[in-house]
Amino acid sequence: MKKLLLALVALIAISLAAFQLPAVQDRLVDQAIRRNMDNADRGALFNDDALRLLVCGSSSPFPSEDRARPCLAVIAGGKFYVVDTGPGSWNRMALLRIPGERIGGVLLTHFHSDHIGDLGEFNMQTWVAGRPGPLPVYGPPGVERVVAGYTEAYALDNGYRVAHHSAEFLPPGKGLMEAHAVDAHDGARPLFTDGELRVTIFPVHHNPIEPAVGYRFDYKGRSLVISGDTTKDPRLTAVARGADLLAHEAQNQELVARMASLAGELDRPRLKKVLGDIPSYHTSPVEAAGVANEAGVKLLLLYHLTPPPPRAVEGVFLRGVAAVRPQGVALAHDGDLVELPLAGGEPKLSRLR
Ligand SMILES: [Zn+2]
Ligand SMILES: [Zn+2]
């Protein structure tokens, strides 16, 4: 026994010493760099055998160690379309090694900062990655102002990049964004088509924030709906009818109330005021489950989690949901992937590493 212990200690000592050897360090660094840069395996995400949804941000404005602010990427027909670009979401896409040049467009649901904060990064980084043209940015009226603002904020950096890498490598015209404003306040309407992909824009109730919209994607017989920020809204239920997947925002009102009460105890009156205001314009997990049932969707994926629950006890967020909808509910995490096979079948949920 004593010999075994001595051998173990010797082995640990040798291993620790090995980590100090430059050759060993170089090898480990190479492995880490390769892991972060190699995206050859991501090509399979773009195979034309499914409509896919990738979570590039599952949180709400509240801080989170492992969740970016709202961002959902819809993958179809060899491209991805990003619904909302919350702060931290480009970093998440990069960590997930998604090839930026395949971006087909950005769709904004409304202009709260937690939904638009990384728009400049998405434009800049996908241009550098080799995007074939300007980036279309869709949204309700107001999207022109947001695009103009980010364009101005990044104008100096655009110039730096062209001067540094050459206009041949980074054609300035391809680094631009094109705003497409569509007024959908009086009902759902077609937004655009790209091959067999059809995208619909529809109004939601996020008062006093007006306009606010959601989006529905239809591709080769599969469909998914993204709520944006909303209260429980029958217009959304109507648009989502029969969809395979509903990604719906969710705010656990009990947890928010507990946070407000604790903010009072901790002498954080401004935080308490904000926490007291927000229940009026979001949807609880139980309400979202009701929407999913009424719409008859196969899978409900809750995102924009307010507050983002700690991993170890995240079931707390779903209290009461099982009584309304025992199955077909999932809580989104960054990196979650839902696949809707074009050949038919149930939605498949997995997580990218
Ligand atoms: Zn939000
Ligand atoms: Zn909002």
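## Salt bridge R235–D233

R235 and D233 form a salt bridge, with 2.8 Å between the closest N and O atoms. The model is a predicted one. The two partners differ in cover. R235 is partly exposed, at 36% relative accessibility. D233 is buried, at 4%, because buried means under 20% relative accessible area.

A search of the whole structure finds 18 salt bridges. Side chains of opposite charge can pair when their charged atoms come close. Two further pairs and one network follow.

## A link between two loops

K298 pairs with D244 in a salt bridge, at 2.9 Å from N to O. K298 sits in the loop between helix 11 (285–295) and strand 12 (299–306). D244 sits in the loop between helix 8 (234–240) and strand 11 (245–251). The pair therefore ties together parts that are 54 residues apart in sequence.

K298 is partly exposed, with 37% relative accessibility. D244 is buried, with a relative accessible area of 3%.

K273 forms a salt bridge with D277, and their closest N and O atoms are 2.8 Å apart. Both residues belong to helix 10 (residues 269–277). They are four residues apart, about one turn of the helix. An α-helix has 3.6 residues a turn, so residues three or four places apart point the same way.

K273 counts as exposed, at 52% relative accessibility. The cut-off for exposed is over 50%. D277 is partly exposed, at 41%. Elsewhere, D41, R42 and R97 are joined into one network by salt bridges that share partners.

Strand 2 (residues 71–76) runs antiparallel to strand 3, and five bridges join them. A73 stands opposite V82 of strand 3. The two strands form a hairpin with two residues between them. G77 lies in the turn and has a positive phi of about 60°.

Strand 3 also pairs with strand 4 (residues 103–107), here in the parallel sense, over four bridges. V83 has L107 in strand 4 as its bridge partner. From strand 3 the chain passes through helix 3 (residues 89–95) to strand 4. This β-α-β crossover is right-handed. Strand 3 (residues 79–83) is mostly covered, with four of its five residues buried.

## Helix 2

How many of the 16 residues of helix 2 are buried? The number is zero, so helix 2 lies largely in the open.

Helix 2 covers residues 22–37. At 1.5 Å a residue, its 16 residues should span 22 Å. The C-alpha atoms at its ends are 22 Å apart, which agrees.

## A nonpolar surface patch

L5, L8, V9, L11, I12, L16, F19 and L28 make a nonpolar surface patch of about 780 Å². Which helix gives the most to the nonpolar patch? Helix 1 (residues 2–18) does, with six residues.

L8 has its place in helix 1. L8 is partly exposed, with a relative accessible area of 48%.

How values were computed: Residues numbered from 1 in each chain as written. Chains lettered and ligands numbered in written order. Predicted model: local features only at pLDDT ≥ 70, side-chain atom pairs only at ≥ 80, totals over all residues. Heavy atoms only, no water. Patch = residues over 30% accessible without salt bridge, like charges linked within 9 Å, V, L, I, M, F, W, Y side chains within 5 Å. Areas by Shrake-Rupley, 256 points an atom, 1.4 Å probe, with all protein chains shown as cover. Salt bridge = Lys/Arg side-chain N within 4 Å of Asp/Glu carboxyl O. Buried < 20%, exposed > 50% of the residue type's maximum accessible area, 1.4 Å probe, protein only. Pairing = 2+ DSSP bridges. Right-handed = clockwise from strand over helix to strand, strands pointing away. Expected span 1.5 Å × (residues − 1).
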